[in-house]
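Here are my notes for you to read alongside the model. Keep the viewer open and click on things as they come up.

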Amino acid sequence: MKDPKAHPAKAFRAAILHSIANPTDVGLENSYQYFEDGILLIADGHVVKVGNAKEILPTLDDSVVVTELENKLITPGFIDTHIHYPQTGMIAAYGEQLLDWLNNYTFPEEKRFADKDYAREVAVQFLDELARNGTTTALVFGTVHKESVDVFFQESEKRNLRMIAGKVLMDRNAPDDLTDTPESGYEDSKALIEKWHNKGRLHYAVTPRFAPTSTSEQLRLAGKLLEEYPDVYMHTHLSENEKEIEWVQALFPESKNYLDVYDQHGLLSSRSVFAHGVHLCEGECSRLSETDSAIAFCPTSNLFLGSGLFPLSDMEAKGIKVGMGTDVGAGTSFSLLQTMSEAYKVMQLQGDKLHPFKSLYQATLGGAKALSLDNVIGNFESGKEADFVVLDLNATQLMRFRMEHAKSLEDKLFVLMTIGDDRTIANTYSYGECVYERH
C-alpha cells in the first residue's frame, strides 16, 4: 500500500455488513460481521479497517473526511461470475431455448462487434449498467473479434475496475463470419494476454464458447495457452441444456461426459469457471471438486431459457466452488439483487431454502473465492481493495414501508434481495473511488 499521507484516508459511516466465511461451512451466525453504526476506513484504494463507529471515530486523524450515510447499508461490491457484454443489446429476446436462442438472437447481434466503434459503445453501456447495479467485478465473455475484448479492457481500465474477460474461441457450428481458426484463436488470445493480463486490475480468460463450437484442435490450443500462462482464467459453458448435452456427446463420442471433453484438453483448474452446470453426473461433480474448478449459478438465465434448476446445496456438498452469475443476455437483469431473488425461488422449487446471509456470501466473498480473488476482494478485511456498494434501505416507497416492519437484520437483507433492484444502489465504489451515484 502506498503512503496514505499522500492519499488522505476517507471514512464512511453507515450500517455495514460483510461475509467472512461460507455459512454452509461455519453456520449462519459465524459467517458475517455487522456493524449497525459502523465505519469503513479506506486509504489508497484499500480497506484500512472496519468496525463500530464509537470505537474507530476517536482514533481518526483530523484530516480524515467522514461521509455519513443515513438509512444506508454498505456491503462489498457484487461479483458477477458469468456475463456476456455483447448481449447487452439483446437482453429480453423472446421465446426460445438455448440452441435456437443462440442462432436466432445471439449470433446475429455478435456479428456487429466486428465494428470496433459499436463494440466500444456497448462496452460503455455495459459497464455503466454494472456500476448502476452495484457490480464491481465480473467474468465477461467478449465475441470472437479480438477488438471486442480490446475495447472492453480499455473502458474497464479507465474506471479502474477489477475485470476478467476473453475473446471467444469458436471454429465450427457457427456462422462463417463469427468463426476463427484454432491458430488465429490461439494467436489473438496470446496477443491479448500479453497486452492486458495483470495490467492494473485486469485479467484475461481463455474463452471457448462451449464444446460444440470448438474442434478438438482448438480446445487443445486453449489448453496450451493455460500451460503457457498458468495464472490466466478459463471460462466456458457446461451442461446448461439437455439437448446441448446430447449434442456434445454426438460431437465427442469418445468422451465419458460433457466435462470430460474439457478435461481431456487440460481445461480444468482452480482458475476455471464453468457457467450453469445444471445437469451434472456424479463423475463430473467429482472432477470439478478434485480440480478446484468453479460453477457460475445463473438462475435468471436458467429460468428464462427453461434450462432447469441448479442444485446449489448438492454441488456444495460435493465440494464444488459456486459463484453467482447474471448471464446477461439470457439472464434478465444486471442486478445481482434480482439474481439473488430468483436463486431463492430456484431453491424453493427444489424444497430447499436460500438464507439471505448465504445469498450475500454467494454474491460477494463466494464469488471472489470462485474466481480465486478472495485474497484481494470479497469483503472488508484489512488490506483488501475498497470495492463496495451503498444500498438505500428506503429506495422505493414500498421498500421504506416494508423496512418499517422488518424485525431483524436478516429480514431487512431479505427485503433488499427480494424487492431490491438498481434503484436500491445509491453509490458504487471501485478501488475507493465513486464510479456511480444515483441521482
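1. Start with Asp-411, which counts as buried because its relative accessibility is 18% (buried means under 20% relative accessible area, exposed over 50%, partly exposed in between, with a 1.4 Å probe and protein chains only). You'll find Asp-411 in helix 17, residues 409–419 (helices are DSSP runs of H or I with at least four residues, strands are runs of E with at least two, and both are numbered from the N terminus).

2. Before going on: this is a predicted model, where local features need pLDDT of at least 70 and side-chain atom pairs count only at pLDDT 80 or more, while totals for chains, interfaces and linings use all residues. Residues are numbered from 1 along each chain as its sequence is written, and side-chain values use heavy atoms, with hydrogens and water left out.

3. What does Asp-411 touch, leaving aside neighbours within four places in sequence? Asp-411 is in contact with Arg-402, His-405 and Ala-406 (contact means heavy atoms within 4.5 Å). Also, a polar atom of the Asp-411 side chain sits 3.2 Å from the backbone nitrogen of Lys-407.

4. Stay with helix 17 and bring in helix 13, residues 336–348: their axes are 6 Å apart and the packing angle is about 100° (axes are lines fitted to C-alpha atoms, for helices over the stretch in contact, and angles run from 0 to 180 degrees between N-to-C directions). So helix 13 is roughly perpendicular to helix 17 (under 35 degrees is roughly parallel, over 145 roughly antiparallel, 65 to 115 roughly perpendicular, and the rest oblique). Helix 13 brings Leu-337, Met-340, Ser-341 and Tyr-344 to the contact, and helix 17 brings Phe-414, Leu-416, Met-417 and Thr-418.

5. Now try helix 5 (residues 146–158) and helix 6 (residues 182–196), whose axes come within 10 Å and cross at roughly 15°. That angle is why helix 5 is roughly parallel to helix 6. On the helix 5 side, Lys-146, Val-149, Asp-150, Phe-153, Gln-154 and Glu-157 meet Asp-188, Ala-191, Leu-192, Lys-195 and Trp-196 of helix 6.

6. Is Ile-79 buried or exposed? With 1% relative accessibility, Ile-79 counts as buried. Ile-79 belongs to strand 5, residues 78–84. Leaving aside neighbours within four places in sequence, the contacts of Ile-79 include Thr-137, Met-324, Leu-336 and Ala-363.

Notes. Polar contact = N/O pair within 3.5 Å; in protein donor to acceptor, adjacent residues only side chain to side chain.
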